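Here are my notes after a first pass through this model, in the order I'd take them up with you. Have it open while you read.

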Amino acid sequence: QVQLVESGGGLVQPGGSLRLSCAASGSIFSINTMGWYRQAPGKQRELVATISGGGRTDYAGSVKGRFTISRDNAKNTVYLQMNSLKPEDTAVYYCQILVVTTSGRYLEVWGQGTLVTVSS
């Protein structure tokens, strides 16, 4: 099995910054795409950013230029640096990975979510 542990959420004022982390552990052979999604109250879950195994990144238009996704393959960890935060960034943030296990299975794994609240 593969588990994800997220950290770094919290309360921040508008214009502030937060850094989210998501560490994967378990029977991992390799990790392909890693990503962050978010779900605001009353809204559907939406893509925030993804990073491929080769380091290619993609961002939602609403966060481009403010958020940066990165990964540390040695630590099986993906990060989301969030700057210039706005109240509309308030949401539960989930990490997601596409992983190949040591038994050869292809899995999509989700983190438990971490709450980010942007408010004065």
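How many disulfides does the structure hold? Just to have it said, this is a predicted model, and the points below start from that question.

1. The structure holds one disulfide. Cysteine 22 and cysteine 95 are the partners, with an S to S distance of 1.9 Å. The torsion about their S-S bond is about 45 degrees, so the disulfide is right-handed.

2. What does the bridge tie together? Cysteine 22 sits in strand β3 (residues 18-26) and cysteine 95 in strand β9 (residues 91-101), so the pair links parts that are 73 residues apart in sequence. Cysteine 22 counts as buried because its relative accessibility is 1%, and cysteine 95 is buried too, at 0%. The cut-off that matters for both is under 20% relative accessible area.

3. On to the overall make-up. The protein has zero helices and 11 strands, so by definition the runs are numbered from the N terminus. Read along the sequence, the pattern is β-β-β-β-β-β-β-β-β-β-β.

4. Does the size point to a compact or an extended chain? A compact globule of 120 residues would have a radius of gyration near 14 Å, and the protein has 14 Å, so the two agree. As for burial, 42% of the 120 residues count as buried. Among contacts with a separation of 6 or more, 55% are between residues 24 or more positions apart.

5. Have a look at glutamine 96, which lies in strand β9. Is glutamine 96 buried or exposed? Its relative accessibility is 6%, so glutamine 96 counts as buried. The side chain of glutamine 96 makes a polar contact with the side chain of glutamate 108, at 2.6 Å. Beyond residues up to four places away in sequence, glutamine 96 touches Thr33, Met34, Gly35, Tyr37, Glu108, Val109 and Trp110.

6. Threonine 50 is in strand β5 (residues 46-51), and at 15% relative accessibility it counts as buried. Which residues does threonine 50 contact, leaving aside neighbours within four places in sequence? They are Thr33, Met34, Gly35, Arg56, Thr57, Asp58 and Ile69. Note that Thr33, Met34 and Gly35 turn up in the contacts of glutamine 96 and in those of threonine 50.

7. For contrast, take glutamine 44, in the loop between β4 (28-39) and β5. With a relative accessible area of 71%, glutamine 44 is exposed, the cut-off here being over 50%. Leaving aside neighbours within four places in sequence, glutamine 44 is in contact with Arg38 and Gln39.

8. Last, the rings. Where does arginine 19 lie relative to tyrosine 79? Arginine 19 is over the face of tyrosine 79, at 4.0 Å from the ring centre. Arginine 45 likewise lies over the face of tyrosine 94, at 3.8 Å from the ring centre. The structure also holds one aromatic pair.

Terms used
Residues are numbered from 1 along each chain as its sequence is written. This is a predicted model: local features need pLDDT of at least 70, side-chain atom pairs count only at pLDDT 80 or more; totals for chains, interfaces and linings use all residues. Side-chain values use heavy atoms; hydrogens and water are left out. A disulfide is a pair of cysteine sulfur atoms within 2.5 Å. Helices (H or I, at least four residues) and strands (E, at least two) are DSSP runs, numbered from the N terminus. Buried means under 20% relative accessible area, exposed over 50%, partly exposed in between (1.4 Å probe, protein chains only). A polar contact is a pair of N or O atoms within 3.5 Å; within protein, one must be able to donate a hydrogen and the other to accept it, and residues adjacent in sequence count only if both atoms are side-chain atoms. Contact means heavy atoms within 4.5 Å. Rings of Phe, Tyr and Trp (its six-membered ring) pair if their centres lie within 6.5 Å; planes under 30 degrees apart count as stacked, over 60 as edge-to-face and the rest as tilted. A charge sits over a ring if NZ of Lys or CZ of Arg is within 6 Å of the ring centre and within 35 degrees of the ring normal. The radius of gyration is taken over C-alpha atoms; the globule rule is 2.2 Å times the number of residues to the power 0.38.
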